[in-house]
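Please open the model in your viewer and keep the sequence panel beside it. The stops below go from one selection to the next.

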Amino acid sequence: MTVLSIRNLGVAVGDQQILNGVDLEISSGQVHAVMGPNGSGKSTLSNAIMGKPGYQITSGSLELDGQDLSSLPTWARAQAGLFLVMQYPTEVPGVSVRETLEFALKERGLEEVDVQSRLIEEAKQIGLQNELLDRALNVDLSGGEKKRNETAQLAVLGPQIAVLDELDSGLDIDALRACAERLEAMTEEGLGVLCITHYHRLLDYLPADRVHVLVNGQIVESGGPELARELEANGYSRFTDSDSESDGVSVAIGGRSEINRVLAAEPEDPFADPLA
Ligand code: ADP
Ligand code: MG
């Protein structure tokens, strides 16, 4: 049993504070979906989890099974069991997928794995052509091929926790289904998933245990799978709309529901006895 524990996480890039106290706990076998408007900090969350340089943790903690990750370089986090499918996978000319995975598995003490045959097996399941496996890592692949390539790598590496930053962007309908079903099968074997997505479709094949809404760097609501459907139908306006009827009440985060809470609160009695 593995637990990725994110507590009160604040993250800044340069002097810009982007995440403002995010709490999430992802255990083996669970799928947590994070949805939110563009620019709300979803990729920043995934970058901070993996330790991308330039993303400074300003508060809170990031732990894998109680081990502090925040001071570890990215490779050590990967070795500890994390894997990130990037929103825009990086091209690495001159290095093949097979070599990358062989090195990664060797560092985890798993050099006996036959990477080439495992890769071919995984590529087949998600409809990735074998000849693409001979190319340098992600070089000259289409957007969808990159995402399938990342999914095949994930399946061969077998991490404990996978962070998927918009795995669905770029994938056609059949590829999305094949990748999501492969991931779902991995969760049955204990993979924990943090799945960042804009659309419910991915979650049809990779059902979420919890859905979280990230707005302005904060989780403003969490719920079950029905929350993803509601968001897809209604968008984020109930979290982001500034309300013209709010008599100037300015609520930066929380939108309509926060405004209603503020307006419904007992007004302070200006004549109350301060010593009572
Ligand atoms: P999302 O993935 O939810 O669309 P991001 O996490 O990519 O949002 O971005 C959140 C905010 O942080 C945006 O305003 C973005 O411009 C800013 N940001 C993220 N990463 C960087 C960076 N490396 N340099 C400058 N600004 C950044
Ligand atoms: Mg993003």
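Buried here means under 20% relative accessible area, exposed means over 50%, and partly exposed lies in between, with a 1.4 Å probe and protein chains only. Helices (H or I, at least four residues) and strands (E, at least two) are DSSP runs, numbered from the N terminus. This is a predicted model, in which local features need pLDDT of at least 70 and side-chain atom pairs count only at pLDDT 80 or more, while totals for chains, interfaces and linings use all residues; side-chain values use heavy atoms, with hydrogens and water left out. Residues are numbered from 1 along each chain as its sequence is written, and chains are lettered from A and ligands numbered from 1 in the order in which they are written.

Begin with helix 8, residues 226–234, where L227, A228 and L231 are buried. These residues lie on the same side of helix 8, because they cover an arc of only 100° around the axis, the arc being that of the directions from the helix axis to the C-beta atoms. Now turn to the face of helix 8 that points away from the buried side, and select E226, R229 and A233, which are exposed.

Next, select ligand 1 and display the residues around it, which are V13, Q16, I18, P37, N38, G39, S40, G41, K42, S43, T44 and Y55; a residue is counted as near a molecule if one of its heavy atoms lies within 4 Å of it. This shell divides into four nonpolar, seven polar and one charged residue, where Ala, Val, Leu, Ile, Met, Phe, Trp, Tyr, Cys and Pro count as nonpolar, Asp, Glu, Lys and Arg as charged, and the others, Gly among them, as polar. Strand 2 (16–27) and helix 1 each supply at least two residues of the shell, and helix 1 gives the most, with three residues.

A backbone N or O atom of G41 lies 3.0 Å from an oxygen atom of ligand 1, a polar side-chain atom of T44 lies 2.6 Å from an oxygen atom of ligand 1, and a polar side-chain atom of Y55 lies 2.9 Å from a nitrogen atom of ligand 1. Taken alone, ligand 1 exposes 550 Å², of which the protein buries 62%; these accessible areas come from the Shrake-Rupley method with a 1.4 Å probe.

Which residues are the protein donors of the magnesium ion, ligand 2? They are S43, through OG, and Q87, through OE1, lying 2.1 to 2.3 Å from the ion. S43 lies in helix 1 (residues 42–50) and Q87 in the loop between strand 6 (82–85) and strand 7 (92–96), so the pair ties together parts that are 44 residues apart in sequence. Donors are N, O and S atoms within 2.8 Å of the metal (3.2 Å for Na, K and Ca), and sites may look incomplete because water is not among the atoms. S43 is partly exposed, with a relative accessible area of 23%, whereas Q87 counts as buried at 16%.

Then move to helix 5 (residues 143–157) and select R148, which is buried at 15% relative accessibility. The C-alpha atoms of R148 and I126 are separated by 6.8 Å, although these residues are 22 apart along the chain.

Finish with two loops. D65, in the loop between strand 4 (55–64) and strand 5 (67–68), has a positive phi of about 50° although it is not a glycine, and D65 is partly exposed at 46% relative accessibility. N216, in the loop between strand 11 (210–215) and strand 12 (218–223), has a positive phi near 50° and is a residue other than glycine; N216 is partly exposed, with a relative accessible area of 41%.

Note on methods:
Polar contact = N/O pair within 3.5 Å; in protein donor to acceptor, adjacent residues only side chain to side chain.
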